[in-house]
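Please keep both in view while working through the points.

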Amino acid sequence: MVGDENSDPHLMSILGATKRTMPGNNFCEYYVNDAPRVVLDKLESLGYRVVSMTGVGQTLVWCLHRE
């Protein structure tokens, strides 16, 4: 998952993300089929840098910042 329904559509397009709504949810999320390193490489080429990373259960969360 790379974004929520309020994410920048242009950025989601660059990442190759598709918007979908999971059954039972009343909101949309953007998903990609790429491995995390591929998405992070794409974001790095756009000027984003990883600030921190943590694990939440079986989920990994990266926080990024763009200058």
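Which residue in strand 3 is the bridge partner of Gly3? In this predicted model, the bridge partner of Gly3 in strand 3 is Tyr30.

**Overall layout**

- Along its principal axes, the C-alpha trace of the chain spans about 35 × 30 × 20 Å.
- The chain has 67 residues, of which 19% count as buried.
- Among the contacts in the chain with a separation of 6 or more, 27% are accounted for by residues 24 or more positions apart.

- Three strands make up an open sheet with the order 1-3-2, and the pairing within it is antiparallel.
- The edge strands of this sheet are strand 1 and strand 2, the latter covering residues 18–20, and each of them pairs on one side only.
- Strand 1 and strand 3, the latter covering residues 29–31, run antiparallel and are joined by two bridges, and it is between these two strands that Gly3 meets Tyr30.
- The charged end of Arg20 sits over the ring of Tyr31, at 3.6 Å from the ring centre.
- The count of aromatic pairs, by contrast, comes to zero, where a pair would require ring centres within 6.5 Å.

- Strand 4 (residues 48–56) pairs with strand 5 (residues 59–66) in the antiparallel sense, and eight bridges connect the two.
- Two of the facing positions can be located by name: Val50 stands opposite Leu64 in strand 5, and Thr54 stands opposite Val61 in strand 5.
- Two residues lie between the strands of this hairpin, and Gly57 there takes a positive phi near 65°.

**The nonpolar core**

- The largest nonpolar core has nine residues, namely Leu11, Met12, Leu15, Ala17, Tyr30, Val32, Val39, Leu43 and Tyr48.
- Helix 1 and helix 2 (36–45) are the elements that give two or more residues to this core, and helix 1 gives the most, with three residues.
- Leu11, a member of this core, is found in helix 1 and counts as buried because its relative accessible area is 15%, which falls under the 20% limit.
- Beyond its neighbours within four places in sequence, Leu11 is in contact with Leu43, Leu46 and Tyr48; the C-alpha atoms of Leu11 and Leu46 are separated by 9.4 Å, although the two residues are 35 apart along the chain.
- Tyr48, also in this core, is in contact with Leu11, Leu43, Leu64, His65 and Arg66 once its neighbours within four places in sequence are left aside.
- Val39 lies in helix 2 and is likewise buried, with a relative accessible area of 9%.
- Leaving out neighbours within four places in sequence, the contacts of Val39 are with Val2, Leu15, Val32 and Asp34, of which Leu15 and Val32 are also listed in the core.
- Val39 and Gly57 are 18 residues apart in sequence, and their C-alpha atoms are 21 Å apart in space.

- A polar atom of the Ser7 side chain lies 2.9 Å from the backbone nitrogen of Asp4.
- With neighbours within four places in sequence left aside, Ser7 is in contact with Met12 and Tyr30, and both of these residues are listed in the largest nonpolar core.
- Tyr30 therefore links several of the topics above, being the bridge partner of Gly3, a contact of Ser7 and a member of the nonpolar core, which is by definition a set of buried residues.

Notes:
Residues numbered from 1 in each chain as written. Predicted model: local features only at pLDDT ≥ 70, side-chain atom pairs only at ≥ 80, totals over all residues. Heavy atoms only, no water. Polar contact = N/O pair within 3.5 Å; in protein donor to acceptor, adjacent residues only side chain to side chain. Contact = heavy atoms within 4.5 Å. Pairing = 2+ DSSP bridges. Helix = DSSP H or I, 4+ residues; strand = E, 2+ residues; numbered from the N terminus. Phe/Tyr/Trp six-rings, centres within 6.5 Å; stacked < 30°, edge-to-face > 60°. Lys NZ or Arg CZ within 6 Å of the ring centre and 35° of its normal. Buried < 20%, exposed > 50% of the residue type's maximum accessible area, 1.4 Å probe, protein only. Core = buried A, V, L, I, M, F, W, Y, C linked by side-chain atoms within 4.5 Å.
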